Amino acid sequence: MRNTFLMLLVFYAQFSFGQQTLDIDFKTASAILHIDLDSAGVSGSIGYTFDVKNKIDTLKIDAHKMHIHKVILNKKPVDFEYNNSQIYIVNQMQPSVDNTLLISYSTQPKQTLYFFKKEDHFNVWSQGQGKYTSHWLPSFDDVNEKLIFNFVFTTDSNYELISNGDLTSKIPGKDGKTDYFYKMKSPMSSYLVALAIGKYLKKTETSTSGIPLEFYYYPEDSLKFESTYRYSKQMFYFLESEIGVKYPWQNYKQVPVHDFLYAGMENTTLTIFSDRFVVDEREFLDRNYVNVNAHELAHQWFGNLVTAKSGKHHWLQEGFATYYALLAEREVFGEDYFYWQLYQYAKQLKIQQEGELATPLLDKKASSLTFYQKGAIVLHLLKSKIGDNAFKQAVANYLNKYAFNSADSNDFIKEVDVMTSENLEEFFNKWLNENSFDYEQVLDVLKSQSTLILDFELIDCEVFQSKCSEYLSMPLHPKIKAKLVAQMPELIKPEHFKESHEVRLSIVTRLNTIALELKPNFESLLDDESYIIIEQALYKLWMNFPEDRAKYLDKTKRLKGNNNYNIRLLWLVLNLNTVNYDAEYQQEYLDELVGFSSDQYHFETREAAFGYLNAIGYWNEAALQNLKSANNHPNWRFRTTVRDLIKNLKNNKALKPYLEDKE
Ligand SMILES: [Zn+2]
C-alpha cells in the first residue's frame with residue numbers, strides 16, 4: 001500500500017498470527033456472489049476445501065457483521081455459533097484431506113467494500129489491507145492463511161467488474177445482470193482479495209516475459225491514458241530482471257477508482273489506485289502515478305508472493321516496495337532522481353529522530369516513515385555494503401524460498417548471510433533494532449555515491465553568503481538552484497524565471513513581496529506549464545498588485561488547473577474578494593464554490609472547497625448539507641477535518657440547527 005497522505009502517522013499494522021494455520025490448511029475458496037449496487041449489498045456463498053493436519057475440535061472463519069444463513073461441513077448442515085465477527089463450527093475432526101465447508105450469507109458492508117455513486121453511475125471498490133476482507137467475504141484475517149481464491153460475481157451488466165486472477169468467462173444474463181468468472185492459480189492472503197466495479201475501458205499489452213498487462217481507465221479519460229500509465233511496461237520489465245524472480249502471477253491489472261483511501265493498493269494481480277493520479281500531459285508535471293505504479297507492482301513480490309508474518313516485520317513489504325520503486329524510477333528518471341529521493345528520506349527520518357518519534361524498524365507500532373523510507377534506506381545501505389550481486393542473489397533466494405508463504409526479518413537475514421562473508425550482526429542490530437537513525441552515516445554514503453548530493457551539501461548561500469550571486473549565475477543542477485533561490489530571494493533576477501520547473505516553483509513559493517522590476521517576469525508565470533505555479537503566481541500577484549486584480553482574473557478565468565481544480569477554486573475566492581469585479585455574477589460564483597464541496601468531487605477538492613467556504617464565512621443550506629454528508633466519509637483524514645469543522649460551526653447559533661443529526 002502506498003499512503004502519501006498519512007505518511008507521518010503511526011501505522012498500526014493489523015496482523016495476527018493465529019493458531020489455526022498450524023492445524024488446518026485451507027487450500028481453496030470458491031465464492032458465488034451477487035453484488036447489488038442499489039442496496040450496496042453482497043449475498044451468496046463461499047466454499048472452502050481444507051486439510052486437517054492435527055486433530056481439531058473447532059473451525060473458525062472471520063466474518064464481520066453478516067447474516068449467516070447456513071453452514072455445511074462435508075455436505076452436511078452443521079450448527080455454528082456466530083458472534084458478529086467470527087463463525088465457530090464446533091466439530092471434532094481427525095487428520096484428513098479434501099474436506100469441504102460451505103457458508104451462505106448476506107451483508108451490507110460498512111467498511112472494506114465501498115459503494116460510490118458519481119453522476120448517475122456506480123463506482124465500487126475494495127480495500128482489504130488494514131480494513132479486513134472479512135467485512136464482505138467470510139475469510140481469514142490472519143495473513144499467514146493463504147489459499148487459492150476463485151469467484152463468480154453477478155452484477156449489473158452496465159458495468160465492468162474486475163477481480164483477482166483470470167477472467168475465464170463473462171456471461172450476460174437476460175435479467176440485465178452479468179456473471180463474471182475469475183480464477184486464481186496460486187494462493188494468497190485474504191487481505192489481497194479485491195473487487196472493482198465501474199464504467200471502464202481497458203487497453204492490454206503483454207510484458208516482455210509474456211504476462212498480460214491490463215490498464216483500465218474511465219471512458220472520458222482516453223486522452224489521459226498515456227500520461228497516466230507512462231513507463232508501466234518499462235518498469236515491469238525492469239523489476240522482473242532486477243528482482244531476478246519472474247512475475248509470480250497470471251496477469252497484472254491496474255484500475256483507478258473514485259475517492260480511494262490511499263494512493264494505491266497492491267491486491268494480487270489487481271492494483272487499485274486513486275483517480276487523482278489520472279493525469280494529462282500538463283498535470284503530470286505536478287503529480288503523477290509513476291512512483292505509486294512501481295511501488296504497488298513491487299509488492300506483487302514483496303508482500304503478495306512473500307508476506308510478512310506479522311506487523312513487526314512490515315518493512316519486508318513496505319521497505320522493499322519503496323526501495324524497488326525507487327530502483328525502477330532510477331531506470332526512467334536517472335541517478336540524480338534516485339539519490340535525491342534517498343536524501344529526502346534521510347532528512348525526513350532525521351526530523352522524526354529530532355522529534356524523538358523514532359522507533360526501531362522492527363516494531364509493529366513504527367511510523368509509516370520508518371517502515372517505508374527507513375526500510376528503503378536500510379536496503380540501500382545493505383546493498384552498498386555487500387555489493388549488487390550478493391544483494392540481488394540474496395533477495396531472489398529469499399523470494400524463492402518463501403514463495404506463496406510468509407516470512408520474517410530473520411528469514412531474510414539468513415539469506416543475506418549465506419551470500420556474504422561479512423559479519424552483518426552489528427549492521428542489522430543497528431538498523432533494525434535500534435531507535436536511533438544515524439543520519440550522518442547515510443549522508444556519507446550518499447555523498448560518496450552522488451555528486452548531486454555532494455554539491456548540494458557544499459554549495460550553500462547561507463554558509464557562503466559572499467559567493468551567492470556567483471552561484472546563482474552558474475549553470476547548477478536545478479535542485480541546487482532551487483535551494484539557493486529560496487535562501488536568497490532578494491538575489492532573484494529576471495533570467496531565473498527562465499530556468500527549470502523546480503527553480504520557478506521555488507521562486508513562486510518563496511517570493512512573497514514582488515519587486516517592481518520582477519513584476520513582468522512574475523506575470524509570465526501565469527502562462528507556466530505547471531498549474532501549481534500558476535495558482536501560486538495568481539495568488540501572489542493578486543496580493544501584491546491590487547490595481548491589476550481584474551487583469552489577472554481575466555487572464556485565468558478559464559483555467560481549471562489540475563484535476564483537483566486548484567486554480568478554479570482559488571479564482572472563485574479571489575473573484576469574490578475583488579471589489580467591483582464581475583459583481584453581477586457573485587451568486588453564481590458562490591454556488592459554483594459550494595458545488596465543489598459536493599460528493600461529486602474528489603475528497604481533496606471538497607476539503608479545499610470547505611476550507612475556502614469557511615474562510616469567506618459562506619454557509620448556505622447546500623454547503624451545510626455537503627458538510628454533513630462528508631461526516632461519514634471512509635477517508636479518515638478528510639472525515640476528521642469535516643468533523644472538526646462541524647464542531648466549530650455548531651458554536652454559531654444560526655448554523656447549529658442545520659448541523660444537528662435528525663432523530
Ligand atoms: Zn506499499
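How many of the residues of helix α5 (residues 290-299) are buried?

1. Helix α5 is mostly covered, since 10 of its 10 residues are buried, where buried means under 20% relative accessible area, exposed means over 50%, and partly exposed lies in between (1.4 Å probe, protein chains only). Among the buried residues of α5 are Val290, Asn293, His295, Glu296 and His299. Helices here are DSSP runs of H or I with at least four residues, strands are runs of E with at least two, and both are numbered from the N terminus.

2. A word on the basis of this note: this is a predicted model, in which local features need pLDDT of at least 70 and side-chain atom pairs count only at pLDDT 80 or more, while totals for chains, interfaces and linings use all residues. Residues are numbered from 1 along each chain as its sequence is written, and side-chain values use heavy atoms, with hydrogens and water left out.

3. UniProt, in an unreviewed entry, places the feature "domain: Aminopeptidase N-like N-terminal" at residues 33-192; its positions are given in the numbering used here, feature names are shortened, and annotations may be inferred rather than shown by experiment. In the model, the span is 0% helix and 61% strand, and the end C-alpha atoms of residues 33-192 lie 18 Å apart.

4. The structure holds 29 salt bridges, a salt bridge being a side-chain nitrogen of Lys or Arg within 4 Å of a carboxyl oxygen of Asp or Glu. In one of them Arg230 is joined to Glu226, with the closest N and O atoms 2.7 Å apart. Arg230 is buried, at a relative accessible area of 14%, whereas Glu226 is partly exposed, at 45%.

5. Another salt bridge brings together the side chains of Glu422 and Lys385 (3.7 Å, N to O). This pair links distant parts of the chain, as Glu422 belongs to the loop between α10 (409-419) and α11 (425-433), Lys385 belongs to helix α8 (residues 368-386), and the two are 37 residues apart. Both count as partly exposed, Glu422 at 34% relative accessibility and Lys385 at 38%.

6. A further salt bridge, between Lys414 and Asp411, has its closest N and O atoms 3.6 Å apart. Because Lys414 and Asp411 are three residues apart in helix α10, they are separated by about one helical turn. Lys414 is partly exposed, with a relative accessible area of 48%, while Asp411 counts as buried at 7% relative accessibility. Elsewhere, salt bridges that share partners join Lys27, Asp51 and Asp98 into one network.

7. Leu454 lies in helix α13 (residues 451-458) and is partly exposed, with a relative accessible area of 35%. The C-alpha atoms of Leu454 and Ser597 are separated by 46 Å, the two residues being 143 residues apart along the chain.
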